[in-house]
Amino acid sequence: MSEVFVMDAPETVAAPRVSEWKRFLKILFQRKLVVFGVFVLLCLVLVAIFAPLIAQYDPYKNDMAHSLQSPSSQHWLGTDNLGRDVFSRLVYGARTALEVGFGTVAFAAILGVILGLLAGFLGGWTNAIIMRAMDTLMAFPMIVLALLLVAVLGAGIQNVIIALGVATVPGYTRLMCGTTLSVRENEYILAQRAIGAKSLRTMVRHVLPNAIQPVIVLVTTMLGNVILAEASLSFLGIGIKPPGAAWGSMASAGFRDLGTHPLLSFAPALAIMLVVFAFNMVGDGLRDALDPKLRGKL
Amino acid sequence: MSDQTTCGVPAGEEMLRVKDLETQFRVDEGVVRAVNGVSYSLREREIIGIVGESGCGKSVSQLSIMQLLQRPGKIVGGEVWFEGQNLLEYGPKSAEMRAIRGGKISMIFQEPMTSLNPVLTIGRQLTESLELHLGMNKKEARARATQLLDLVGIPSPASRLDDYPHQFSGGMRQRVMIAIGVACQPKMVIADEPTTALDCTTQAQLLELMLSTIDACKGSLVLVTHNLGVVARYSQRIYIMYAGKIVEQGLCRDIFYRPRHPYTVGLLKSVPRLDEVRGHRLVPIVGTPPNLIDLPPTCAFYPRCSERTERCLTEPWPDLTAADGEGHLVRCYNPAERTGE
């Protein structure tokens, strides 16, 4: 027996080390649609940031003398019934869409992760109270709940973010609670308690990073959904109201002149479609790239 | 190997005394009496083995001592005296209990694959208890962690501190677990099936390694296992558990050469031995372990017992009574008389 101990062959792993980051990027960009999605989103972000440089006209300034013009070299997509440049409004609309999208998702994801982590890790009464509250919120269709909240809070970008955030928080909470419940049962969590760590420390340092991965994927898909929901609210006239530049309200305002100037509605509608599609594609790609079953492959 | 790993007479003062420990799990079907009045003791620098089948309560009894039970598990009775204090007087989340866990008593778990957090580096997991219990700063803890990895035989320890668990093999992870276990020089280490998940050659290496590192920090060891070979080689005293009770206890040589309880006899007959006559068949213990819900007041081993008598069914499970040999106790009305094989 002691001979075995003396020999003590080194158990080094000889597997080649693939950089996690490289592997992640490789899987992510395997599909062409994901590349397309990332490209669209990059353009969107750039447009939103450099909106004042890209738009040649003030998107809020009426110019009744040039209302309802067809596309021309001056106005690439024409003007609307108040003479505002449609292209410029589209560019500023990208800002609104991204503000609402990222604002809502950040608000809902942070709140949902905290609530889900607490519910899953502490269990018992905490779990019962948080999860029943979430179930109640989930009983309403998201858009109806958001409608109700905006109606109470009033229109405006901030209120839209709060309303959509509250309406989408249950999704994050339930997902986080579920993964926390499964991560909590791992032996390394028991081992952590066995070395005398406090619950809070265990929860934040050990459970959170292991449970949060699915939320990252949910965030990307929710970005698309939230932008769509904001467009719906604005389309219904209670989200972001004119003269604020939002794609939903633009599409709605262009409705009256659909017969003669279809671009007024179609341009913003196409923008919404393109962006939501791009977010969904990137979300799918991320899901594949973050799949632990594929870890270490390639 | 040094003397302390052979079946010698234990030395040193008593440091842990568990008295009538009772742990239950309340589930929908009833009350699971996982630990049902277990008493044992551990002396300084001693190695004891706790042996039993899956589900006999051996792991739960150890988790109870550390107060690491998850709902719906609950300690309903007994005392755990450790260094003059009854640990059960402290709440599971109390500062006193946290100081003991990892600082004075540490645990090494069964599954090296799942006992390390996959998203943190080995270094961060090693330094955690050092910072927690010894108040080291990051630099000191890192230096000590390097030492520890070196101690458990991991090559180029300083650079491997920044690796993640998935870059380590099973055996190496268990080495890391041992390093974490002895990091704060605990008085006592509880190893719960420490080698079950490893292959045989690695098992032997790691057991030797574990014993030498625990010996180096002058600690005691509770070896919880179903592997009789492991306890035979390393422990000084052995406790045999069945259905939440200790059915036989004694010095290693008494248990192996003069087993008295029919269950112990059955266990020994069911493992292959190198000194056995060729062609000798292994004899399994018939039946399955009892359901721990609704345990009868009589002997729980009765349905599987080869030595059962009328008395076993009519009278309650007997107390541990002295058998021949120092501290050799057995819980049976009709203990085997055979001496040795």
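The following note comments, point by point, on a predicted model of a complex that includes chains A and B.

1. Confidence in the complex. The predictor assigns the complex an ipTM of 0.80, together with a pTM of 0.78. These scores apply to a predicted model, and the points below should be read accordingly.

2. Confidence in chain B. The average pLDDT of chain B is 86, and 95% of its residues score at least 70. Residues 1-10 of chain B, by contrast, have a pLDDT below 50. Where pLDDT is low, predicted coordinates should not be read in detail.

3. The interface between the chains. In the model, 25 residues of chain A are in contact with 36 residues of chain B. On the chain A side, the elements that contribute two or more residues are α1 (2-7), α9 (187-194) and α10 (199-211). Of the elements of chain A, α9(A) gives the most to this side, with 6 residues.

4. The residues of chain A that touch chain B comprise 12 nonpolar, 8 polar and 5 charged residues.

5. For I50(B), the bridge partner in β9(B) is Y239(B).

6. The four-stranded sheet of chain B. Chain B also contains an open sheet of 4 strands in the order β2-β1-β4-β5, with antiparallel pairing. Its edges are formed by β2 (30-43) and β5 (85-86) of chain B; each has a single partner strand, so one side of each is left without a neighbour in the sheet. Strand β4 (residues 73-82) of chain B is joined to β5(B) by 2 bridges, and the two run antiparallel. W81(B) stands opposite N86(B) in β5(B).

7. A helix against the four-stranded sheet. Helix α1 (residues 58-66) of chain B packs on this sheet, where the helix touches β1 (14-27), β2 and β4 of chain B. The direction of α1(B) makes about 110 degrees with that of β1(B).

Terms used. Residues are numbered from 1 along each chain as its sequence is written. Chains are lettered from A and ligands numbered from 1 in the order in which they are written. This is a predicted model: local features need pLDDT of at least 70, side-chain atom pairs count only at pLDDT 80 or more; totals for chains, interfaces and linings use all residues. pLDDT is the predictor's confidence in each residue, from 0 to 100. Two residues are in contact if their C-beta atoms, placed from the backbone, lie within 7 Å. Ala, Val, Leu, Ile, Met, Phe, Trp, Tyr, Cys and Pro count as nonpolar, Asp, Glu, Lys and Arg as charged, and the others, Gly among them, as polar. Two strands pair if DSSP finds at least two bridges between them. Axes are lines fitted to C-alpha atoms, for helices over the stretch in contact, and angles run from 0 to 180 degrees between N-to-C directions.
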